[in-house]
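This briefing concerns a predicted model. Please consult the sequence and structure below before reading the points that follow.

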Amino acid sequence: MNRVWLALTSVLFLLLLALSPWAVALRAFGGKGVLVTLWGTVDLYGRAKALPDVSWLGYFTAFWVALALIAAVAAFLPEMRTRARVYYALGLLGVAVFALEAYLFYHAVWTVNDAAMAAGARRPPLKRYSLSLGAYVTVLYSLFLLAVGRLQLPGGRALLVRWRGVIVPAVSMLLAMVAGAAVVWLLKDVKLPEGGGTLTYLAAKLDLVTYTFQLLFGPLLTASGWFQSLLIATPLIFTGLAVAFGFKAGLFNIGAPGQLTIGAIMTMLVGVHLANAHWFAGLPDGVARAIFLPLSILAAAAGGALWGAIPGWLKARFGAHEVINTIMMNYIAASIFLFMIAANEYTFFGKWTLHMPFKFPGYEARSYEVAESARIPLMVNLFGFQQDTSGAWTGALSWSLPLALVAMVAAYVLLARLELGKRLLAALGAGVLGYFVGGFLPGIPMELSPKLASVRLNGAFVIAAFAVAFYNYYMWRTRDGYELRAVGLAPKAAEYGGVSIAKKTILAMAISGALAGLAATHYVLGGGIDEYRLKQSLPTNVGFDGIAVALLGQNTPIGVFLSALLFGVLLTGGLQLDLQLGISRELVMMLQALIVLFIAAGGFLPRYFTDPILAAQAEEGVQGVI
Amino acid sequence: MSLESLFTAAFLVPLLQTTLRSTTTLLLTALGGMFSERSGVVNIALEGMIIFGALTAAVSAQLMEAPYLAENPGARVWWIPWVAVLLAMVVGAFIGWIHAVVSIKYKADQIISGTAINLLAAGLPSLVLAYFYDNTTASKELVNRLPEWLGFSPLVYLAFALVPITWYVMFKTPWGLRLRSVGEHPEAADTMGINVFRTRYTAVILSGVLAGLAGAFLSIGVLNQFVRNMSAGQGFIALAALIFGKWHPIGVLGATLLFGFAKALAIQLGGGDIMPPTVIEAFPFIITMLVLAGFVGTSRPPKAIGKPYEK
């Protein structure tokens, strides 16, 4: 680790520690807080009655200054291992002291609240208190010192390079957050109390920025926040997989919005018009469900596959670049979409009239409702809960899904000696068995909180999970997937090896499109847009979000899943951001764009992080590379 | 509207005018894109650059005229739209510079870098609009738009005048030769003492300037405000026109006229009952795809396009 970088980081750390609010004792609606800083209290709220006693904060400040100084000086120690030991010790000490500070702060807050309650207050005076940027930087700096310690030891840099698949996205994410913070800083004013000077202004701005990100990551702290994030992540998983699938085969599929749209139209045709057709009216419920639910899901995939295969074919046959064609097809799909559901009667050349049965009567552009038999149940239903007449969600927590999951994993692990295809089939069978056996077991009776039950997370999430598994299996465990990756990495070599690039291009675009099309199951069959219909408000933009998801997840199955979840969290938090601070949710879109930009630039990290060949040399410790 | 009414002057004259107007945006953008692509940098960010140019022109013109309007509603100040156009070009240049840094210096995949800028152009404008106007979809309507000379905005004349100018610059000046050599064979150009990086930077920034100009034309030439997503894919169509026009100014002129005509037809037929508007709106995009499929085989891109140069 370069000494200059270490010194700069230490200075930045001390600067942030000095200027930022260290904690927020009380936060009112609208974001106004009572800030605890190292140099005093800043009351932006203006009506704080009681404050926690943080007189001990000065001692800790002295500790952190000393820590940073020792860290800077330790860089000059001659012996490598001594340096490493010093940094490990400093980092661990820092984490421990941070924990102590956090405990003391919360203890101080609780003391004030308990005292007020004992004195007869109706509600505690301090609410929505939290640590803030000043405290966060201390723990971040400690972790940084631990990393520095590891880097002093042999193989430290090789370790970084080996983890570049995680480090590049993480650094890009961090940079995007800094840029997002700058935008919030510029575009959002703060109101200062009377007589507030520059220090107050800086603290208020830093608090605003910190609170912005606290809100964005806020859903991680509650159960309903998690479920809401999973709900928003579901379509992102599909589109992220679609884009990742294309990338792996050397194709850039920007057409996920169009593929999603056509998938939605197809699933609407099957789920609404086929399933409601009068000649199926006599079918028993169970049979109808067994036919139309899978059929509707397949229709979504088929629609997307068709819309993806066309640009694939155009590329294979004519060499037309898939990027422009997929973009054009997004616009065309949008036109078809409106054509289908905006009106039922169209006149051509003033003479011929076309009648169509797809638009539901009324002002709004939307389709008819999906038949009961083609609807994907909500997760709360799958877990065995029903809404009773009073509106409460009661039932018994069913063992079906947990048991199915356990059975699947158990079968997969235990049957390690089988061939992979059979092993997966067996696992799948065990899962189905587990599901039905679980259904017969007596569940745990309980009532869901209304907040949790109001989240309309539906079974499409399960389909998304299977899509992730499919991507992993197909791309890394089958011959087709191997050939696709070969085409993506080195088309000429793959062709020489007997792979038909034209066929693979069409295949890859079709599967990629099918994955994007499956996102429609969430929106149309799962009621993802509030109703079980196709509506004009179908958020096709998630197709573009998929690009960010795929890049942040580095095109790996687990990476795509996690980054979709991350964006789900951010978008969920974005609602609160709008509500509390009046900052538009578009901030999240901007963060996504910046993440894509920064990842494309390799996180602005040295080349040996991003270039596989230089990275391999760096791992072997070739001289002159680093 | 009957089929016969399509062949009357009342329909054809406005159609011709609209064609010239819708060609202007595409032409300015495509000519800009030509510099970038001829130097070897794919510029899919044209779409985003148009949007940023349009946003800058509309918002800056509105802010500049506000004090004058406070004194006299309807005040015309001649320099305001021109300064706004200039600012749009500056912002376009800045976005071009970002694309250049990421794709030339950091050797990013140029298509991904461009897509990132397009995504940024989809998100950032609403934040800016919310800051100035408490509205995330459109800016305030302004009074001081670009003037019209003989029925057309000056930028229309400029766009068509730029065709011979770019041709001259690209094929008759030493700088044009260097630009093309950098896009065809950067190693050879480097050996001859041409600064590959600097040439590419200039070219990409220039494409940003022209795309910004096209955006300004949209927001304060055609309309009098910025509307979200107002470029509606024209940056991408311009890119297709570039391929169809074989990266040559004259070819690009022909291609953009074709696409401009398709768009004008869509606009002119929009109100009538000849075709449903939703069908008509898809026309330019379908034509773009057909043209790409039919002509791309005969169109040879600059050899080094899309490849970062490794010194």
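By what part of a helix are A:Glu483 and A:Arg479 separated in helix α17 of chain A? They are separated by about one helical turn, because they lie four residues apart in this helix (residues 479-489); helices are DSSP runs of H or I with at least four residues, and strands are runs of E with at least two, both numbered from the N terminus.

The model is predicted, so local features need pLDDT of at least 70 and side-chain atom pairs count only at pLDDT 80 or more, while totals for chains, interfaces and linings use all residues. Residues are numbered from 1 along each chain as its sequence is written, chains are lettered from A and ligands numbered from 1 in the order in which they are written, and side-chain values use heavy atoms, leaving out hydrogens and water.

**Salt bridges**
- Over all chains, 12 salt bridges are found (a side-chain nitrogen of Lys or Arg within 4 Å of a carboxyl oxygen of Asp or Glu).
- A:Glu483 and A:Arg479 form one of them, with the closest N and O atoms 3.1 Å apart.
- A:Glu483 is buried at 13% relative accessible area, whereas A:Arg479 is exposed at 66% (buried is under 20%, exposed over 50%, partly exposed in between; 1.4 Å probe, protein chains only).
- A salt bridge of 3.4 Å, N to O, links A:Glu586 and B:Arg228.
- This pair joins two chains, because A:Glu586 lies in helix α22 (residues 586-600) of chain A and B:Arg228 in the loop between α8 (196-222) and α9 (234-244) of chain B.
- A:Glu586 is buried at 14%, and B:Arg228 is partly exposed at 25%.
- Shared partners join A:Glu364, A:Arg366, A:Glu531, A:Arg533 and A:Lys535 into one salt-bridge network.

**Sheet in chain A**
- Four strands form an open antiparallel sheet in the order β3-β2-β1-β4 (strands pair if DSSP finds at least two bridges between them).
- The edge strands, β3 (40-43) and β4 (130-131), each pair on one side only.
- Strand β2 (residues 33-37) is joined to β3 by four bridges, and A:Leu35 stands opposite A:Val42.
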